[in-house]
Amino acid sequence: ARNPWDVASITGGSSSGSAAAVAAGLCVAALGTDTAGSIRCPSALCGIVGHRPSAGMWSAEGIVLLARSFDTAGPMTRTVRDAAVLLQALATARATVSFNESVSQLKVGLPRIGFFDGLQPDVMLCIEAALATVQTLVSQVRDVQLDVSRRRTVFDAEIYEYHEEMLKAYPGLYDPHTLARVSGCAGISASDYISARHELLEQRREGESVFEQVDVVITPTVPIAAPRVSQLGQLGEPDLRQFETTYLLRNTAPFSVLYWPSTSVPCGFTREGLPVGMQISARPGEDATALRLAHAYEQATEWHKRVPPIAID
């Protein structure tokens with residue numbers, strides 16, 4: 001899939017077809033799957049709304065999983081309201097989102113260290129302008145500390161566990177890029193997995209302590225705008241994986257680790273006309289809070305009304 005805003009650029013992840021289709025007006029809404037950011041990253045790079053639901057909000061039945069305990073499906077739409085409608089319609093758990101409730105009492109946290117570092121200049125300008133708007137909508141915006149390990153041990157162990165039998169039986173049916181990625185997850189010992197799993201659970205407990213200070217956390221969704229296909233085509237597998245980890249998934253994967261609901265909402269464009277996304281994350285189970293603030297921001301701006309020149313009206 002190619003980015004409707006610039007067909008020479010990527011769409012940003014494994015739900016890229018869904019993102020491109022919604023952005024180009026081929027459909028009102030689409031579904032994506034998210035392990036480390038594959039709903040939010042393509043949504044940000046294509047200028048649409050993407051929501052990663054809380055754990056257990058949507059069933060994973062029928063999905064070929066990547067990592068069993070991290071994967072979830074979620075809505076990808078042009079507006080936050082459409083995302084909320086789709087979330088409620090397909091949720092297996094109770095999911096009520098009302099936009100009648102004011103966001104004026106919400107407190108917003110900004111984990112600048114690790115999430116705001118090294119942003120492309122145009123992305124930084126868009127995010128700072130978006131935060132200025134958010135500040136007029138809520139009661140407080142403050143810096144917070146959020147430390148999340150970016151170790152992939154649990155991710156990789158679960159990827160190989162799910163795919164091991166299929167890799168052995170049908171390696172030729174995998175895309176070569178996917179085959180290399182999944183095969184590279186082999187060899188993690190049980191003791192390493194158990195140790196990493198304990199660390200993960202502790203991080204989730206510690207991470208939620210931030211909600212003693214704030215109601216939501218805001219970051220850039222992706223620190224860069226969509227790179228060109230030709231740029232990535234020159235990278236070998238190890239460099240491509242490093243690029244994805246360092247740039248595309250840097251700000252989304254931590255919230256997958258924490259399993260917080262996260263919404264990416266359009267918040268501006270670079271000078272080249274490429275979209276930029278802002279990520280709003282809330283306490284597990286508080287999908288409605290993230291979506292309410294995303295909707296309030298959306299209504300205070302015009303970004304969601306812009307469509308690519310090639311879009312079907």
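A residue counts as buried when its relative accessible area is under 20% and as exposed when that area is over 50%, with partly exposed in between. Phenylalanine 269, with a relative accessible area of 12%, is therefore buried. The model is a predicted one.

**Aromatic contacts**
- The whole structure holds 7 aromatic pairs.
- Phenylalanine 269 and tryptophan 303 have ring centres 5.9 Å apart and planes at 50°, so their pair is tilted.
- This pair connects distant parts of the chain, 34 residues apart: phenylalanine 269 belongs to strand E7, and tryptophan 303 to the segment after helix H12 (287–300).
- Tryptophan 303 is partly exposed because its relative accessibility is 28%.
- One aromatic cluster is formed by Phe115, Phe211, Phe255 and Trp260.

**Arginines over rings**
- Arginine 52 lies over the face of tyrosine 259, 4.3 Å from the ring centre.
- Arginine 112 lies over the face of phenylalanine 116, at 5.0 Å from the ring centre.

**Strand E2 and its partners**
- In a regular strand, side chains alternate between the two faces of the sheet.
- Both faces of E2 are covered, with Val49 and His51 buried on one side and Gly50 and Arg52 buried on the other.
- E2 pairs with E3 in the antiparallel sense over 2 bridges, and glycine 50 stands opposite methionine 76 in E3.
- E2 also runs antiparallel to strand E7 (residues 262–269), joined by 3 bridges, and histidine 51 stands opposite threonine 263 in E7.

**Surface**
- Valine 64 is located in the loop between strand E2 (49–52) and strand E3 (72–77).
- Valine 64 is exposed because its relative accessibility is 61%.
- Val64, Met166, Tyr170 and Leu173 make a nonpolar surface patch of about 450 Å².

Notes:
Residues numbered from 1 in each chain as written. Predicted model: local features only at pLDDT ≥ 70, side-chain atom pairs only at ≥ 80, totals over all residues. Heavy atoms only, no water. Patch = residues over 30% accessible without salt bridge, like charges linked within 9 Å, V, L, I, M, F, W, Y side chains within 5 Å. Areas by Shrake-Rupley, 256 points an atom, 1.4 Å probe, with all protein chains shown as cover. Salt bridge = Lys/Arg side-chain N within 4 Å of Asp/Glu carboxyl O. Helix = DSSP H or I, 4+ residues; strand = E, 2+ residues; numbered from the N terminus. Buried < 20%, exposed > 50% of the residue type's maximum accessible area, 1.4 Å probe, protein only. Pairing = 2+ DSSP bridges. Phe/Tyr/Trp six-rings, centres within 6.5 Å; stacked < 30°, edge-to-face > 60°. Lys NZ or Arg CZ within 6 Å of the ring centre and 35° of its normal.
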